[in-house]
Amino acid sequence: MRRESSRPWGVAVGAVLASLVVAPATASAWVIDEDELEETSTTVGAVMRSFAFVLAGDVLEPPYLPESENPTAMGLFDARLYFEHRASRWKIVAHEQLTLRLSSHAAGGPLSFGRGLRPPRWLPLTFSYDRPTLDLVSDLDWLYGSYSVGPVTFTVGRQPITFGRGTLWRTTDRISTFALTEVDRSYKPGADAIRIDIDPSDSTSLSLLAAVGERESDLDGQISLGGSSFVARFRQGWDGGEIGATGGFVRYDGLVGVDGLLDFGSFDLYGEVAATWVTDRSLSTPVVTDHGIPVMSAVLGATFKPVGALTLTPEVAYNGFGSFDPGDYLAIFASQRVGIGEQLGVGRLYAGLNQIFEITPLTHLFGATMLNLHDPSGLFLVGIDRDLAENVRAVLGGYAPVGRRPDVRALSAQSEYGNYPYFFFFELKATL
């Protein structure tokens, strides 16, 4: 019976090798026009990335999935072409991302590992050609213009949006989020938005944001409140710290959040707390039954260097949209908040640790630990990255889950991270 498993591994190796066919060359962005006196410049370039993803483990074998799904492999290549024109008061930015994906077989959920989901959008700027094991996607991931008048900057179009303080978990970063297992966080997917930033000083700012989209993401040009967000954020800094406040309307949720950062010299302490009022029209939330009581979420963390070459970032988090009962996990996994990438965990109480160790200026060892404290279960990351040339970087790593596997007879999860497979990745990136 086990002889048949050699074929999936052969296909997996083939997909990995296919993702490495393109070898980037060292280069730099082209500045095709620049006038220092007029403070203008025009830049074009490309970022070429080649990925290899392999998933394996008990949860990809019978009785959980057909035997042919272990391992699951994907070779992925994308070319991100960018254009930027800057003037003294305005700029235009466009990033077109062309992505080719080759997978070992037609697989669903597991292949979301390594890449986050796009936020709800409105503008029809995406073209895709889909086949069971082959995808070709052309996506204008960023397309925005900005104009400044004194301390006020107006930005309109598809743009990256980030709120919150956390490194592993964030409570107020709801509009566009990275996946928990995101391999490359250099570029955050853009949301279709209008943003006004008022910066009377370097330490004080007010941001007003309207991000419009459709919850269904079928790109038919129909805006819905269920896919739109309207948020205001105030930030005030001082020597040794910063505090922020966020409030607004996110896909029918009411949201109020407070965050802060304190610099103690030898380490930084940060935190954020968010209260969410869920309505009858909000995204599905299986464990929230009383819509009159706010759902609380919080993150507390610190960053310090015990030795010069090592940086540690411990973090604890409380997720009000999760559950202490593993019996609720499958319903939460199937909910809309998880489905669009807004909710990253199904448990309530977490602890984690990010660590980076500089072996040499060109080589770094990195890792992360994510623990569900109530299950208990965990997800562990270890990897290494190296700059191969001036603009060429290679990254190799993997995630290992620890936890009780799902109970097939009872159709229920026994732990959170016990539902995860092993996940290995390789990335080769060049900036042209």
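Tutor: Let's take the labels in turn and hold each value against its cut-off. Keep in mind that this is a predicted model.

Student: Fine. What does the chain consist of, in terms of helices and strands?

Tutor: Three helices and 20 strands. The chain has 432 residues, and 47% of them are buried. As for contacts with a separation of 6 or more, 59% are between residues 24 or more positions apart.

Student: Let me pick a residue. Why is S412 called buried?

Tutor: Its relative accessible area is 17%. Buried means under 20%, so S412 at 17% gets the label.

Student: Where does S412 lie?

Tutor: In the loop between β19 (392-402) and β20 (422-431).

Student: What makes the pair S412 and Q414 a polar contact?

Tutor: The distance between the side chains of S412 and Q414 is 3.3 Å. The cut-off for a pair of N or O atoms is 3.5 Å, with one able to donate a hydrogen and the other to accept it, so this pair qualifies. Leaving out residues up to four places away in sequence, S412 also touches L330, P406 and D407.

Student: On to the loop between β11 (241-250) and β12 (253-263). What is noted about phi of R251 there?

Tutor: R251 has a positive phi of about 50°, and it is not a glycine. Y252 is in the loop between β11 and β12 as well, and its phi is near 75°, again a positive value in a residue other than glycine.

Student: How do you know that R251 counts as buried?

Tutor: Its relative accessibility is 3%, and the limit is under 20%, so R251 is buried. For Y252 the relative accessible area is 14%; that is also under 20%, so Y252 is buried too.

Student: Which peptide bonds are cis?

Tutor: One runs from P62 to P63, with omega near 5°, and P63 sits in the loop between β2 and β3. Another is the bond from D375 to P376, with omega near -10°; P376 belongs to the loop between β17 and β18.

Student: Now the cores. What makes a set of residues a nonpolar core?

Tutor: The members have to be buried residues of the listed nonpolar types, joined through side-chain atoms within 4.5 Å. The largest nonpolar core here has 27 residues, and F53, W169, M370, Y399, Y417, F423 and F425 touch the most other members. Two or more residues of this core come from each of β2 (40-56), β3 (72-86), β17 (363-372), β18 (377-389), β19 and β20. Another core lies apart from it, with 11 residues, including A191, V231, V250 and L255.

Student: Why would such residues gather at all?

Tutor: In soluble globular proteins, nonpolar side chains tend to be buried together.

Student: What is F53 in contact with, beyond its neighbours within four places in sequence?

Tutor: T72, A73, M74, F113, G114, V183, F423, F424 and F425.

Student: How many cavities of 30 Å³ or more are there?

Tutor: Two, in a search of the whole structure. The largest has a volume of about 50 Å³, and its lining includes L117, R118, R174, I340 and E342. That lining splits into five nonpolar, three polar and four charged residues.

Student: What makes something a cavity and not a pocket?

Tutor: In a cavity a 1.4 Å probe fits but cannot get out, whereas a pocket is an open set of points.

Student: How much space lies in the second largest pocket, and what lines it?

Tutor: About 1,100 Å³. It is lined by 50 residues, and T167, L168, L180, R185 and N354 lie nearest its centre. The lining divides into 21 nonpolar, 17 polar and 12 charged residues. Among the strands supplying at least two lining residues each are β14 (295-307), β15 (310-319) and β16 (349-360).

Definitions and conventions:
Residues are numbered from 1 along each chain as its sequence is written. This is a predicted model: local features need pLDDT of at least 70, side-chain atom pairs count only at pLDDT 80 or more; totals for chains, interfaces and linings use all residues. Side-chain values use heavy atoms; hydrogens and water are left out. Helices (H or I, at least four residues) and strands (E, at least two) are DSSP runs, numbered from the N terminus. Buried means under 20% relative accessible area, exposed over 50%, partly exposed in between (1.4 Å probe, protein chains only). Contact means heavy atoms within 4.5 Å. On a 1 Å grid over the protein atoms alone, a cavity is a set of points where a 1.4 Å probe fits but cannot get out, and a pocket is an open set with protein on both sides within 12 Å along at least five of seven lines; lining residues have an atom within 4 Å of a point. Grid points are joined across faces, edges and corners, and a volume is the space filled by probe spheres set on the points. Ala, Val, Leu, Ile, Met, Phe, Trp, Tyr, Cys and Pro count as nonpolar, Asp, Glu, Lys and Arg as charged, and the others, Gly among them, as polar.
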